[in-house]
Each structure stands twice: as C-alpha cells, then as structure tokens.
Amino acid sequence: MHTIDKRRAIHPDNPRLAVDHPNVNILDAEALAHRADVDGSEAEIDKERRAAKGIQAGKAEHHAHGHALAGILGPAFVAAVAYVDPGNVAANITSGARYGYLLVWVLVLANAMSVLIQYQSAKLGIVTGKSLPELLGERMSDAGRFMFFAQAEVIAIATDLAELIGGAIALNLLFGLPLFLGGCVIGAVSTVLLMFEGGKTHRLFEKMVIALLLVITFGFIAGLFIDPPNPADVAGGLIPHFTTTDSVLMASSMLGATVMPHAIYLHSTLVNDHYAGGEAKPSIKRLLDGSKVDVFWALLLAGTVNLSLLILAANSLYGMKGTDSIEGAQHAIVAVLGPVIGTIFSIGLLASSLSSTSVGTYAGSEIMHGLLRIKAPMWACRVVTLVPGLIVLWFAPNPTEALVVGQVILSIGIPFAIIPLMRYTHDKTLMGEWVDGAVKHAIFIVVAVLIIALNVLLIVLTALGKA
C-alpha cells in the first residue's frame, strides 16, 4: 500500500492530510493528526474560558456600576457634621426666638454657599489626590508653613472649644454632671471614636459619624412634630428683608459663620481616605459625579437640621427670655413642649458634640500632617485641642460666653482656607482638564468675597462691643 493510502486508511477523517503533507510517513501522519485533535480541543477550551471570563467581567462591571455611587457616598456627610455643631445650634435658636421666621432666607442662602465650597474642596482632593493642607505645604516656605499651621491650629482649638462646651452642657442637662467632668467624658468618648479613623476601619468611622448625624437630626426636629409650624409663615421667611439694625447684624453673623475652615481642610482629605488600604478608586469623572450627589444630600440634611432649629424657636420660643444660651433654650423647650422633647433635644446636642469634636480633631491631624509633614498619633492631636477647652470649663464662670469668642476666632481663619481653595481649583497646571471655568470661578469669587466681608464685619462689631 502506498504511503498516502496508508495515511488515508489510518486517518479517513482527515482527507486533507495527503494534500497538505504529501511527503510525511505514517508515524508523522499520526503525530500531526493527534496534534490537530489537541489543538482543536484547546481552541474549544479557550473559547469556553473567554466566554466565562466575559460573563464574569460583565457581572463585575454590572456590580461595580450598580454599587459605585453607594461606595462613593460618605465623605460629605462626615464634613457636614461641622455645620450642626453646638455653636450653630445656639445661633439658630437665638435667631428664631428673637426674630421669628425673619431670617429663614439667610440659612437657605448660607446652605447654598456651603454646597459650592464643600464640593470645591472635594474636587480638589479627588483631582490632585492630595489635601488642601498638603498642597499648601508644598508651595510655602518653612516659615510660611509654620505660621499657617499656627493659625489653623488655633482655629481647630477654637472649634473644639464650642463643641466640648456643648457636650458638657448636654451631659449636665441629661445627668447633672458638672461641666468639667462632662468635658472629660466627651474627650474620652471622642478619643475612642477617633481610634476607628483611617485604614481598614475608616468606613466604620464614617458610618458611626453618620449615625450620630441621624441622631442629631431626630433630636433637633422632634419638637416640630409636637408643635408643627404654619407653612405660610415659614414661606414668608424666604423673602429677603430686615426689620431692625440688630437683625442685619444677626444675619451677618449667621452668613459669616456658615463656612467652617476645618471642614474645608478636611473634606479634601476625606475623599481620599475613603479609599484607604489600597482599595481601587473609580475614575475621576465618576468620583466627581458621585461627590456632587454626596455633597448635595449631606448639606441638605445639615441645612434641614439648622432650619428646623430656627423654625422650632420661631414657632415655640418666640419672644421668650433666656434663649440666648443653650441651657436657656433647653429649659424653654421643656417649658413649652414638655420634658420628653427637652430630653430628645439634649440627646441631639450630645450627639452633635461627640461627632463634631471628633471631626474637628481629625481635621487638626490632617492640618499638621499636610503643613508640618508630621503624622502625630490621633490621641496626641486630641489632647492638643482638648486641654484648652477643659481649662475654660474649669475656670470660666460662664463657659457659654466662650462660644462667642470662639466664633470670632473662626471668622479670622475663614479667609486662610477659602482663598487658597479658590486659587487652586482655578489653576490649570494643578487641575488639568478639571479646572474651574470662568463662570464658576466668578461665582466662587462672589461667594468668597461675601463670606469674608461678613466675617470682617462680625470681627469689627465684636471689637466695638456691638455684636
């Protein structure tokens, strides 16, 4: 039998074998046939593997897209705690009790400005991958970095002062604890809370702060369900107007105190710490889109809390004496709405203190890290901001008055945070394709000038004894 015929007899299912390989022998023919069979099997396996990978990739992509937004949310809610601290509680209740619904529009305007500024801080952190303090530290001399840190740390201490006093007052109202002892309790609990900040437990830290924010919300709006306001009266407060010179001053104080410097510094950090531990980040575009949603809802919640406090005071405490202090406001709430609502209010105040003092210390730590390039332990940063507040609680006959001084100090620090933020988000070499356009930059300038001017006015009037 000829060689070709033998090949055909052995491999009748390979008719092309004789044509493609006319000169091979029988053994070679068998080897080639076996190889062809193996290659065919591998090709089929490869197809199955590619198909399986495609299905898995599709599921993964669907899973990522389905949960990407939920995974992005969180940083703005932590930053929003700064807008519902005990200082804001006192200011909003005083405004409502003294002027009724007159200044509702001021809070709405203030909240709109805060949405813009907090988003800008988040945007800076997302695009550059660095915090505002880090960027400042890279662009300043050693002397400049130290001086900038000094003023920022004073701001952090002043912020913590108001938050610590508010918490001590809450514990005094709830359990009768002396203010100094209450301050120690707030310091200890907030330090434990800060132990969860950073690394793999950072998401847990965010969830705990958000939980406290929800407690604040319930604690401060509960009274509205007992004594609902007239919607027409509330709507009337949306029309910008004043009645007296004092109301103009109060509006200036409320607008000027809207933006917290430490919230600006911190938000640019939070958006990056949110993905600590080597976790993969979504694209910049996805992060920016998610951050818009995050900031909107977080500041909407904080704005609702502040507005509820003003409306509660305007509806239930209008014209009552003694509401200029937190204790006086709580006693007035008990007298008008009952002890249950008064207790819920005090719980909201306690949650406000714990969350805001923790966030304030977190901001102080990032300021130190970015400007001095020192990564101090969180407990050490907690001690630095805690001790001055405890000294005030021990020696001051009326700690509530320290809230006024703290508010003035905060006003001094606002330009140092808002002006660099405005410059950096309009710097094309820094922001690239995400740089602010001319229109947005112009709006930011108007907002910054308004806030800074009102803070300067507040400082001058305070110095003259008229605030």
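Let's start with a pair to look at: helix 10 passes helix 16 in a left-handed crossing (left-handed if the near helix is turned anticlockwise from the far one by less than a right angle, right-handed if clockwise). Helices here are DSSP runs of H or I with at least four residues, strands are runs of E with at least two, and the numbering goes from the N terminus.

This is a predicted model, where local features need pLDDT of at least 70, side-chain atom pairs count only at pLDDT 80 or more, and totals for chains, interfaces and linings use all residues. Residues are numbered from 1 along each chain as its sequence is written, and side-chain values use heavy atoms, with hydrogens and water left out.

**Exercise 1. Work out how helix 10 and helix 16 are arranged, and which residues make the contact.**

Step 1. Two packed helices are described by the angle between their axes and the distance between the axes.

Step 2. Find the two helices: helix 10 covers residues 202-226 and helix 16 covers residues 339-372. Their axes come within 8 Å and cross at roughly 150°. That makes helix 10 roughly antiparallel to helix 16. (Axes are lines fitted to C-alpha atoms, for helices over the stretch in contact, and angles run from 0 to 180 degrees between N-to-C directions; under 35 degrees counts as roughly parallel, over 145 as roughly antiparallel, 65 to 115 as roughly perpendicular and the rest as oblique.)

Step 3. Now look for contacts (heavy atoms within 4.5 Å). On the helix 10 side they include His-202, Leu-212, Ile-216, Gly-219 and Phe-220, and on the helix 16 side they include Gly-348, Ser-352, Val-359 and Tyr-362.

Step 4. Sort the residues by class: this contact has 18 nonpolar, six polar and no charged residues. (Ala, Val, Leu, Ile, Met, Phe, Trp, Tyr, Cys and Pro count as nonpolar, Asp, Glu, Lys and Arg as charged, and the others, Gly among them, as polar.)

**Exercise 2. Follow helix 16 into helix 17: at roughly what angle do their axes cross?**

Step 1. The axes of helix 16 and helix 17 (residues 378-395) come within 9 Å and cross at roughly 110°. That makes helix 16 roughly perpendicular to helix 17.

Step 2. This crossing is right-handed. Thr-357, Thr-361, Tyr-362 and Ser-365 of helix 16 meet Met-378, Cys-381, Arg-382 and Thr-385 of helix 17. By class, that's three nonpolar, four polar and one charged.

Step 3. Check the loop between the two helices, where you'll find Arg-373. Arg-373 isn't a glycine, but it has a positive phi of about 60°. Its relative accessible area is 53%, so Arg-373 is exposed.

**Exercise 3. Step back to the chain: how many helices and strands are there, and what is the mean pLDDT?**

Step 1. Count the secondary structure: 20 helices and zero strands. Of the 467 residues, 51% are buried.

Step 2. Check the pLDDT (the predictor's confidence in each residue, from 0 to 100). The mean is 83, and 83% of the residues reach 70 or more. Residues 2-24 fall below 50, and this stretch has 28 contacts beyond near neighbours in sequence. Residues 41-67 are below 50 too, with one such contact in the model.

Definitions and conventions. Buried means under 20% relative accessible area, exposed over 50%, partly exposed in between (1.4 Å probe, protein chains only).
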